[in-house]
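Please walk me through this structure.

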Amino acid sequence: MKYKIVENSPFARIARLVLKSSNVAMVLGKTIHLSGVKREGFLKDKGWLAHELCHIRQFQEYGFFRFLWLYLRESMRVGYYNNKYEVEARIAGLKGEIDLPVAQKADSSINPTELPIPVDVKKET
Ligand SMILES: [Zn+2]
């Protein structure tokens, strides 16, 4: 899949400040915006990468604005954690970890946020 990574993204930085979180990965179209995490560390985290790649696929599948609308509507209906687009990405993330040792799987917990766009944070360990 074609995608781009932007480190120290101002968009992700704003999200990070709003959320008071230490790290953020946010997907817009084909671009993963990072703040508080370096490209290298992000790519090494197979579960996290697989999660965000799933959001990129969703953008491609539904179209840019349509997906943003569907995502927002879904979050308003069922909440951000049960948002079906997040559930799908969470499953993709778990599959991405399949070849990792159990100990590493345990600390690779990616959580969606209450923002109305796909913005995820990794739980600090
Ligand atoms: Zn997500």
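Lys 20 counts as exposed, because it has 6 C-beta neighbours inside 10 Å. Lys 20 lies in the loop between α1 and β2. Lys 20 is not a glycine, yet its phi is positive, about 50 degrees.

This is a predicted model; local features need pLDDT of at least 70, side-chain atom pairs count only at pLDDT 80 or more, and totals for chains, interfaces and linings use all residues. Residues are numbered from 1 along each chain as its sequence is written.

Asn 8 also has a positive phi of about 50 degrees, although it is not a glycine. Asn 8 sits in the loop between β1 and α1. Asn 8 counts as partly exposed, with 13 C-beta neighbours inside 10 Å.

**The chain as a whole**

The chain has six helices and five strands. Helices (H or I, at least four residues) and strands (E, at least two) are DSSP runs, numbered from the N terminus. From the N terminus on, the elements run β-α-β-β-α-α-α-α-α-β-β. The C-alpha trace spans about 35 × 30 × 30 Å along its principal axes. With 125 residues, a compact globule would have a radius of gyration near 14 Å; the chain has 13 Å, which agrees. That radius is taken over C-alpha atoms, and the globule rule is 2.2 Å times the number of residues to the power 0.38. Buried residues make up 37% of the 125 residues.

Contacts are counted between residues whose C-beta atoms, placed from the backbone, lie within 7 Å. Of the contacts with a separation of 6 or more, 63% join residues 24 or more positions apart.

**The sheet**

Five strands form an open sheet in the order β1-β3-β2-β5-β4, and the pairing is mixed. β1 (4–6) and β4 (110–112) stand at the edges, each with a single partner strand, so one side of each is left without a neighbour in the sheet. The twist averages 25 degrees from one strand to the next. Two strands pair if DSSP finds at least two bridges between them.

| Strands | Sense | Bridges | Bridge partners |
|---|---|---|---|
| β2 and β3 | antiparallel | five | Val 24 and Ser 35 |
| β2 and β5 | antiparallel | two | Met 26 and Val 119 |

β2 and β3 form a hairpin with two residues between them. Gly 29, in the turn, has a positive phi of about 65 degrees. Is β2 enclosed or open? Four of the five residues of β2 are buried, so it is largely enclosed by the rest of the structure.

**Helix α1**

Which residues of helix α1 (residues 10–19) are buried? They are Ala 12, Ala 15 and Arg 16. They cover an arc of only 100 degrees around the axis, which puts them on the same side of α1. The arc is that of the directions from the helix axis to the C-beta atoms. The buried residues of α1 pack against β2 (24–28), β3 (31–35) and β5 (119–122). The face turned away from the buried side of α1 carries the exposed residues Pro 10 and Leu 17.

**The core**

The largest nonpolar core has 22 residues. Such a core is a set of buried Ala, Val, Leu, Ile, Met, Phe, Trp, Tyr and Cys residues joined through C-beta atoms within 7 Å. Ala 12, Ala 15, Val 24, Ala 25, Met 26, Val 27 and Leu 34 touch the most other members. α1, β2, β3, α3, α4 (64–78), α5 (84–96) and β5 each supply at least two residues. The largest share, six residues, comes from α3.Ala 25 touches several residues beyond four places away in sequence, among them Ile 32, Leu 34, Phe 42 and Trp 48.

**Glu 88**

Glu 88 has its place in helix α5. Glu 88 is partly exposed, with 15 other C-beta atoms within 10 Å. Glu 88 and His 55 are 33 residues apart along the chain, and their C-alpha atoms are separated by 8.8 Å.

How values were computed
Buried ≥ 20, exposed ≤ 12 C-beta atoms within 10 Å, placed from the backbone. Contact = placed C-beta atoms within 7 Å. Axes fitted to C-alpha atoms, helices over the stretch in contact; angles between N-to-C directions.
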